[in-house]
Number of protein chains: 2
Amino acid sequence: MARPKREDINDVNRRNDLVIAAALLFKEKGYHGTSMRDIARAINMQAGSPFYHFATKQDLLFAGVEAGLLACLADLEAIDPKALPPLEYFRAMARAHLRCLLETQGGMVPMVVDEWRYLEGPNLEAVLAIRHRFEALWQSALARLKDAGLVRRSDAMACRFFLSALHGAVRWYKPDGPMSPDEIADELVDWIRTR
Amino acid sequence: MARPKREDINDVNRRNDLVIAAALLFKEKGYHGTSMRDIARAINMQAGSPFYHFATKQDLLFAGVEAGLLACLADLEAIDPKALPPLEYFRAMARAHLRCLLETQGGMVPMVVDEWRYLEGPNLEAVLAIRHRFEALWQSALARLKDAGLVRRSDAMACRFFLSALHGAVRWYKPDGPMSPDEIADELVDWIRTR
DNA sequence: CCTACCGATCGGTAGG
DNA sequence: CCTACCGATCGGTAGG
């Protein structure tokens with residue numbers, strides 16, 4: 001493969017600036033509460049310039065949601081289930097998941113939790129497909145916990161309960177607060193296990 | 001107090017129609033994704049007419065959020081803590097909470113969960129004050145559960161975990177699905193207790 | 001990427 | 001409540 005030329009690198013960098021700035025603004029003010037002009041201004045672009053990188057506002061949302069989900073999924077898949085006993089594996093998953101949510105790129109990932117629902121058509125379907133992979137991974141982690149007798153049930157609903165509780169931290173976590181993402185994850189895991 | 005005249009009754013009814021129509025649309029498309037024209041059209045009003053009842057779009061959002069929260073809070077406060085043992089009281093609370101969220105006025109209350117964050121100034125403060133009353137109520141219910149040895153911890157974070165898991169049902173509950181709100185609440189309570 | 005612009009839509013208002 | 005309207009802003013485009 002050819003090495004990218006300097007202009008290409010700059011294009012890619014600016015494109016990435018857009019994705020991050022958009023994600024942060026979407027998180028703060030919502031997708032429909034944020035204008036393309038807001039996003040452009042945040043990285044010192046002119047009003048029409050984002051459309052050089054993304055054909056539509058929706059494409060920009062999709063790029064952020066997909067990147068956030070895939071980065072988080074990769075972190076989770078990097079944890080080897082066979083290398084750890086059930087509880088430790090589950091805890092490592094929870095820690096990685098929450099760290100990714102709360103610490104990536106100045107906290108851009110929480111946007112994914114609330115704003116993916118404004119995606120349409122193929123964009124929405126692509127995101128739902130990635131979400132399925134998440135849930136399958138978590139289901140198997142939870143099933144191991146149940147087999148070890150550490151949790152009462154491990155069906156799809158229990159999985160949703162757990163992920164909702166974990167994702168809820170997005171709404172009250174403060175970076176300068178007393179607890180780190182790892183500590184919050186540990187507390188939740190401790191709270192839901194039966195022994 | 002004087003009995004309201006017929007015109008007043010109609011005014012109140014139309015005002016209420018607006019609140020409900022707005023809540024349903026906000027839930028579906030988000031606050032900023034819904035226009036006052038959308039809301040007016042939904043109840044066969046003309047574009048400018050909602051402003052006869054509400055000075056601003058924000059006031060209409062506030063009316064819906066406040067009404068939803070207060071109705072739910074009233075349901076919870078109607079349950080007498082002293083009349084039931086800890087687990088049964090907690091379960092009754094969870095059932096009432098979820099029924100209110102999922103069944104009120106064709107499912108308008110979930111809007112509260114996502115859209116209250118677009119409130120500003122005094123409107124936001126008023127809603128946060130009501131939320132504090134919710135959390136205090138749930139904290140005491142959870143504390144009783146802990147005193148009875150049915151749950152590991154009952155601090156503010158455990159309370160948030162629980163409410164996040166409960167509220168999460170808003171995103172996957174289907175009225176025509178296999179489980180009722182009561183059954184979902186029971187499953188969650190069963191899942192989080194340690195014995 | 002910037003400049004200059006388009007048609008559409010928005011929240012809100014005046015006057016009845 | 002309806003009619004008719006306002007200024008502002010929106011997503012997006014053409015041309016360089």
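This briefing describes how two protein chains are built and how they meet. The model is predicted, and its chain A contains nine helices and zero strands. Chain B can be superposed on chain A by a rotation of 180 degrees with 0.0 Å of shift along the axis, at an RMSD of 0.0 Å; the two copies are thus related as by a two-fold rotation axis.

**The fold of chain A**

- Read from the N terminus on, the elements of chain A follow the order α-α-α-α-α-α-α-α-α, in keeping with the count of nine helices and zero strands.
- Taken along the principal axes, the box filled by the C-alpha atoms of chain A is roughly 60 × 40 × 30 Å.

**The annotated region**

- An unreviewed UniProt entry carries the annotation "DNA-binding region" for residues 35-54 of chain A.

**The extent of the contact between the chains**

- The contact draws 35 residues from chain B and 35 residues from chain A, and because 100% of the interface residues of chain B are also interface residues in chain A, the copies meet through the same surface.
- About 3000 Å² of area is buried between chain B and chain A, and carbon and sulfur atoms give 59% of that area.
- Within chain B, the residues that lose the most area to chain A are B:Arg152, B:Phe161 and B:Trp191, which together account for 28% of what that side buries.

**Polar and charged pairs across the interface**

- Between chain B and chain A there are four salt bridges, one of which joins the side chains of B:Glu187 and A:Arg153, with a distance of 2.7 Å from N to O.
- The count of residue pairs in polar contact between chain B and chain A, with both residues at pLDDT 80 or more, is 12.

**What chain B brings to the interface**

- Four helices of chain B, namely helix H1 (6-29), helix H6 (110-115), helix H8 (156-172) and helix H9 (181-192), each supply at least two residues of the side that touches chain A.
- Among the contributions to this side of chain B, the largest share comes from H8(B), with 10 residues.
- Sorted by class, the side of chain B that touches chain A consists of 15 nonpolar, six polar and 14 charged residues.

Definitions and conventions:
Residues numbered from 1 in each chain as written. Chains lettered and ligands numbered in written order. Predicted model: local features only at pLDDT ≥ 70, side-chain atom pairs only at ≥ 80, totals over all residues. Heavy atoms only, no water. UniProt positions renumbered as here; feature names shortened; annotations may be inferred. Contact = heavy atoms within 4.5 Å. Buried area = accessible area lost by both parts, 1.4 Å probe. Polar contact = N/O pair within 3.5 Å; in protein donor to acceptor, adjacent residues only side chain to side chain. Nonpolar A, V, L, I, M, F, W, Y, C, P; charged D, E, K, R; others polar. Least-squares fit on C-alpha atoms with pLDDT ≥ 70 in both.
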